[in-house]
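Subject: Structure handover

Hi,

Here is the structure I said I'd pass on.

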Amino acid sequence: MAEAKTSEIFNCTPDEFYKVVGDYEKYPEFLSEVKACKVLKSEGSRKLVEYTVSMIKDFKYRLWMNEEPNKISWVLESGDLFKVSNGYWQVQEEGGKTRASYFVEAKFNLFVPGPIAKALVNVNLPNMMSSYHKRVKELYGK
């Protein structure tokens, strides 16, 4: 199973960052690989979200997003790209800003050699984090 993990400081409050991460349907506005994102079902603190992402070609998958205080975690429901996709965002206040920790583990439906799978899971991480920094600045001017 391929994994990626990172932690960064964002210039906003934990609540503000949590709102950015939890506003799934806005992802296509600032995450270039996300072509569509739709909440299909809400059950209390859980939401079933369908993602359409473009990585060479378009793929769809559905994640159950579990929203807890200071943490949004997910597990794969179905899709044509992953056998497994689990992860989380965790936020905490740090010096008047937010430390956001991101973790994902994934296993692809098709055979992908381990080192290539790890590279695929990690390759977009810097761009993704940069997109979240830009989104925070857009929304909160910080």
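Below is what turned up, going from the overall layout to the sheet, the helices and the core.

First, some housekeeping. This is a predicted model, in which local features need pLDDT of at least 70 and side-chain atom pairs count only at pLDDT 80 or more, while totals for chains, interfaces and linings use all residues. Residues are numbered from 1 along each chain as its sequence is written, and side-chain values use heavy atoms, with hydrogens and water left out.

The protein has four helices and seven strands (helices are DSSP runs of H or I with at least four residues, strands are runs of E with at least two, and both are numbered from the N terminus). Starting at the N terminus, the order is β-α-α-β-β-β-β-β-β-α-α. Of its 142 residues, 41% count as buried (under 20% relative accessible area; exposed is over 50% and partly exposed is in between, with a 1.4 Å probe and protein chains only).

Now the sheet. It is open and antiparallel, with its seven strands in the order β1-β7-β6-β5-β4-β3-β2 (two strands pair if DSSP finds at least two bridges between them). β1 (2-10) and β2 (34-43) are the edge strands with a single partner each, so one side of each has no neighbour in the sheet. On average, neighbouring strands are turned by 20 degrees against each other, direction ignored (axes are lines fitted to C-alpha atoms, for helices over the stretch in contact, and angles run from 0 to 180 degrees between N-to-C directions).

A few pairings to look at:
- β4 (residues 57-68) and β5 (residues 71-79) are antiparallel over eight bridges, and Tyr-61 has Gly-79 in β5 as its bridge partner.
- β5 and β6 make a hairpin with two residues between them; four bridges join these strands, and Ile-72 is partnered with Trp-89 in β6.
- β6 and β7 are joined by 12 bridges; in their hairpin, Gly-95 takes a positive phi near 60 degrees.

α4 lies across β1, β6 and β7, at about 30 degrees to β1. Its buried residues include Leu-125, Met-128, Met-129 and Tyr-132. Looking down the axis of α4, the buried residues fall within an arc of 155 degrees, so they line one face of the helix. The face turned away from the buried side has exposed residues, among them Lys-134 and Lys-137. Just after α4, Gly-141 has a positive phi of about 60 degrees.

Finally, the core. The largest nonpolar core has 36 residues, and Phe-17, Tyr-27, Tyr-51, Trp-89 and Tyr-132 have the most contacts inside it (a nonpolar core is a set of buried Ala, Val, Leu, Ile, Met, Phe, Trp, Tyr and Cys residues joined through side-chain atoms within 4.5 Å).

Cheers

Methods
Arc of directions from axis to C-beta. Contact = heavy atoms within 4.5 Å.
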